[in-house]
Amino acid sequence: MALEGKLLIGQQAVTGTRKDIQATNPATGESLEPVYVGGDRSHVEQACTLAWDAFDTYRETSLDARATFLETIADEIEAIGSELIERAMAESGLPQARLEGERGRTCGQLRLFASVVRAGEWLDVRIDPAMPERQPLPRADLRQRHIALGPVAVFGASNFPLAFSVAGGDTASALAAGCPVVVKGHSAHPGTSELVGRAIQKAVKACNLPEGVFSLLFGAGNEIGQALVTDPRIQAVGFTGSRSGGTALMRSAQDRPQPIPVYAEMSSINPVFLLPEALKANSQALGEAFVGSLNMGAGQFCTSPGLVIAVKGADLESFTQAAQKAVEASGAQTMLTPGIHSAYEKGVSALSGEANVREIARGQTGSGEYQCQTGLFATSASDFLASKVLQEEVFGASSLIIECQDMAEVKKVAEQLEGQLTATVHMNDADVETAKALVPTLERKAGRILANGWPTGVEVCHAMVHGGPYPSTSDSRTTSVGTAAIKRFLRPVCYQSLPEALLPEALKEANPLKVSRLVDGKREL
Ligand code: NAP
């Protein structure tokens, strides 16, 4: 398919008016055609008008029609074939196998949400029948279901050009909830975004849906991103990116005459705790496996293990030596964008410039201009506790080992951590009591607690939580990965004493949708 470099507003392809956006191949430094002319506020206005016009129709599509739409998007993305993978490789520098896996995850995620929509559990139907005879007061007939919030603005992420971008988790869960979506594509991969955007456009048409169900805009965050978040028709925001970007969007959304929720996934350093007995038994293997996780995707994962915390001594030294060797053997990897590479370099030099931080090892240097040279550093718990800089995310393959005097100091470090997406504990049977003392703190700090694994690799399933207290996300009550992500874009409505003719299908007495319901407090399947 010939890329046109245009904004996709409903079924139209529109040329922008602002600054040109052109992707760079981070492996070669070459600029990639075509140029995407950035959109302006009038394009936001058009996309939001269409989205609002589509909302009432789209949110009341049948369960089957909406599920079929999600499946059609997945089919259309697959039908693009190798062109999608080739363009994503050129725009991101990510290897073919990773992007093929990401496409599988993206399409699998859309199909998983289709099954969730069909099952109808998300409606969360509750019925408390009238009790006219109740004393001292009668009870009215009360029925609850969930409805879609309204049009959602989605900001595509740089680090997952497929799975967290135009048709990624935010878009899939918002569409599943019945919300039209306006995406602000990430400027690092506009061609990949256009290909996926056109696949969604085709699915909208094939499923006879109103065109405003989906639009894709390109342009500057401070113009069209802000215009989207402050548009009165937008009712929620999904974002993955930097802490500063996500926090700015939270403020803009809060300052609106009608504030709206922002679901921003921002910054996490994913502490890994090595408990004494596990460390004693496995120090070398743990050191090697840790570097494997650190190097995944050049560390450009929100779940990359950026901190290792353990009691100092011979076992930690043995872990550190094994990790040192593995880091020294690590080849350089191309980073996603020149900007992300320069932020990584700055972050690593800020870390190594801190008093009392020792450089343990650096990976190999590469020949490419935007390659990440893995970094491993160490410091004492007391120095860590005294410094704010050491808690900042360095996006890329960099990690810091915190050497503690004893388990009490390990706990102190855990207590001082900011909110995290994950917290990992390496332990064996002899560490159970030690772990028990740590877990309550980790529950307060993180959205996912893992034992004897590595935080990279997030399963898309029903039980996943990819969320956590600020700054890992803007709202710790939700997840951006997994089927529970749909809840972000729904709200409950209670219908009191409405005649059957006015009740939505989900709440009618005969249960025509055949969904599970909580009737008078008892689950009916
Ligand atoms: P970013 O700078 O936060 O940008 C993400 C998106 O948000 C872009 O579309 C950007 O628009 C927009 N945006 C940023 N600030 C905004 C604002 N104040 N108002 C409106 N829109 C705004 O993230 P990035 O480009 O992906 O990467 C930069 C850094 O983010 C990385 O170095 C890394 O530190 C962090 N990051 C973290 C994660 C994570 O999962 N933890 C993932 C990706 C990136 P523009 O097109 O104008 O830039």
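A salt bridge here is a side-chain nitrogen of Lys or Arg within 4 Å of a carboxyl oxygen of Asp or Glu. What you see is a predicted model, so local features need pLDDT of at least 70 and side-chain atom pairs count only at pLDDT 80 or more, while totals for chains, interfaces and linings use all residues. Residues are numbered from 1 along each chain as its sequence is written, and side-chain values use heavy atoms, with hydrogens and water left out.

Okay, domains. The assignment, and these bounds come from an automatic or database domain assignment, gives domain 1 as 8–14 + 40–266 + 476–488 and domain 2 as 271–451. Their centres, taken over C-alpha atoms, sit 33 Å apart.

How many residues of domain 1 are in contact with domain 2? There are 12 of them, facing 13 residues of domain 2, where contact means heavy atoms within 4.5 Å. Now the buried area, meaning the accessible area (1.4 Å probe) that two parts lose on being put together, summed over both. Between these two domains that's about 910 Å², and carbon and sulfur atoms give 57% of it. On the domain 1 side, N159, R243 and E265 lose the most area to domain 2, together 39% of what that side buries.

Keep an eye on R243. The count between domain 1 and domain 2 is one salt bridge. R243 also forms a salt bridge with E418, and the closest N and O atoms there are 2.9 Å apart. Side chains of opposite charge can pair when their charged atoms come close. By class, the side of domain 1 that touches domain 2 has four nonpolar, four polar and four charged residues. For those classes, Ala, Val, Leu, Ile, Met, Phe, Trp, Tyr, Cys and Pro count as nonpolar, Asp, Glu, Lys and Arg as charged, and the others, Gly among them, as polar.

Zooming out, the salt-bridge count by this rule comes to 26. One of them is R59 with D56, closest N and O atoms 2.9 Å apart. Both of those residues lie in helix α1, three residues apart, about one turn of the helix. Helices (H or I, at least four residues) and strands (E, at least two) are DSSP runs, by the way, numbered from the N terminus.

The structure holds nine aromatic pairs. Rings of Phe, Tyr and Trp (its six-membered ring) pair if their centres lie within 6.5 Å, and planes under 30 degrees apart count as stacked, over 60 as edge-to-face and the rest as tilted. Y58 and F69 make an edge-to-face pair, 6.0 Å centre to centre with 85° between the planes. Y58 lies in helix α1 (residues 41–59) and F69 in helix α2 (residues 63–80), so the pair ties together parts that are 11 residues apart in sequence.

Where are the cis peptide bonds? One joins Q135 and P136, with omega about 5°, and P136 lies in the loop between β5 (125–128) and β6 (142–148). Another runs from Y470 to P471, omega near 10°, with P471 in the loop between β20 (446–451) and β21 (490–496). N356 isn't a glycine, yet has a positive phi of about 70°; look for N356 in the loop between α11 (338–353) and β15 (358–362).
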